[in-house]
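Here are my notes on the model you sent. Please read them with the structure open.

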Amino acid sequence: MVTLQSTTSPVLPEHEDDPHTFHIFVMVKTTRHWLDLKTEQRRAFLDKEIIPLLRRRPELRIRWFEPEAFSTRATDVMICETRDLSAWAWFCDHLRETPFWDHYFEVLDILPALEGNYLT
């Protein structure tokens, strides 16, 4: 039997500076549907479907990275930063209702994490 000692802090020491910020890494792979769209069609989709969702959840900060030149598994990585996991869950639920999910992109993995700052 393992006994855990209680601590005065509810978070690990390496997260004491920012104990409530989560980073959610969403690895996706583009589908032919997305690749066949012209740039202006892609922008129109984002403006119509995705930007309004993000405006409804200002607690989320989204960044987009493109590793396709270096990876055969994921073509893109979306990184969401938030202190409110319920905002993330709401966004994710609504994102599934758009063509983003399983039409334009195959969602490969969702990895929630806390920043590891124990080396600093």
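**Notes on the fold**

1. Start with strand 3, residues 76–82. This strand is mostly covered, with six of its seven residues buried. Bear in mind throughout that the model is predicted.

2. Next, the overall layout. The chain holds three helices and four strands. Along the sequence they follow the pattern β-α-α-β-β-α-β. Of the 120 residues, 31% count as buried. Take the contacts between residues at least 6 apart in sequence: 71% of them join residues at least 24 apart.

3. What is the strand order in the sheet? The four strands form an open sheet with the order 2-3-1-4, and the pairing is antiparallel. Strand 2 and strand 4 (105–113) stand at the edges. Each has a single partner strand, so one side of each is left without a neighbour in the sheet. From one strand to the next, the twist averages 20°.

4. Helix 3 packs on this sheet. The helix touches strand 1, strand 2, strand 3 and strand 4. Its direction makes about 145° with that of strand 3.

5. Now the pairing of strand 3 with strand 1. Strand 1 covers residues 22–30 and runs antiparallel to strand 3, with seven bridges joining the two. Phe25 stands opposite Ile79 of strand 3. For Val26, the bridge partner in strand 3 is Met78.

6. Strand 3 also pairs with strand 2, residues 61–65. Five bridges link these two strands, again in the antiparallel sense. Which residue of strand 3 does Trp64 stand opposite? That residue is Met78.

7. Turn to the helices. Two packed helices are described by the angle between their axes and the distance between the axes. Helix 2 spans residues 39–56 and helix 3 spans residues 85–96; their axes come within 10 Å and cross at roughly 160°. Angles over 145 degrees count as roughly antiparallel, so helix 2 is roughly antiparallel to helix 3. The crossing is right-handed.

8. Which residues make the contact between helix 2 and helix 3? Helix 2 contributes Ile50, Leu53, Leu54 and Arg56. From helix 3 come Trp90, Phe91, His94 and Leu95. By class, the contact has six nonpolar residues, one polar and one charged.

9. One backbone point deserves a look: Asp102. Its phi is near 70°, a positive value in a residue other than glycine. Asp102 lies in the loop between helix 3 and strand 4. Is Asp102 buried or exposed? Its relative accessibility is 58%, so Asp102 counts as exposed.

10. To recap for your reading of the model: the sheet has the order 2-3-1-4, helix 3 packs on that sheet, and helix 2 comes within 10 Å of helix 3, axis to axis.

Notes:
Residues are numbered from 1 along each chain as its sequence is written. This is a predicted model: local features need pLDDT of at least 70, side-chain atom pairs count only at pLDDT 80 or more; totals for chains, interfaces and linings use all residues. Side-chain values use heavy atoms; hydrogens and water are left out. Axes are lines fitted to C-alpha atoms, for helices over the stretch in contact, and angles run from 0 to 180 degrees between N-to-C directions. Angles under 35 degrees count as roughly parallel, over 145 as roughly antiparallel, 65 to 115 as roughly perpendicular and the rest as oblique. A crossing is left-handed if the near helix is turned anticlockwise from the far one by less than a right angle, and right-handed if clockwise. Contact means heavy atoms within 4.5 Å. Ala, Val, Leu, Ile, Met, Phe, Trp, Tyr, Cys and Pro count as nonpolar, Asp, Glu, Lys and Arg as charged, and the others, Gly among them, as polar. Buried means under 20% relative accessible area, exposed over 50%, partly exposed in between (1.4 Å probe, protein chains only). Two strands pair if DSSP finds at least two bridges between them.
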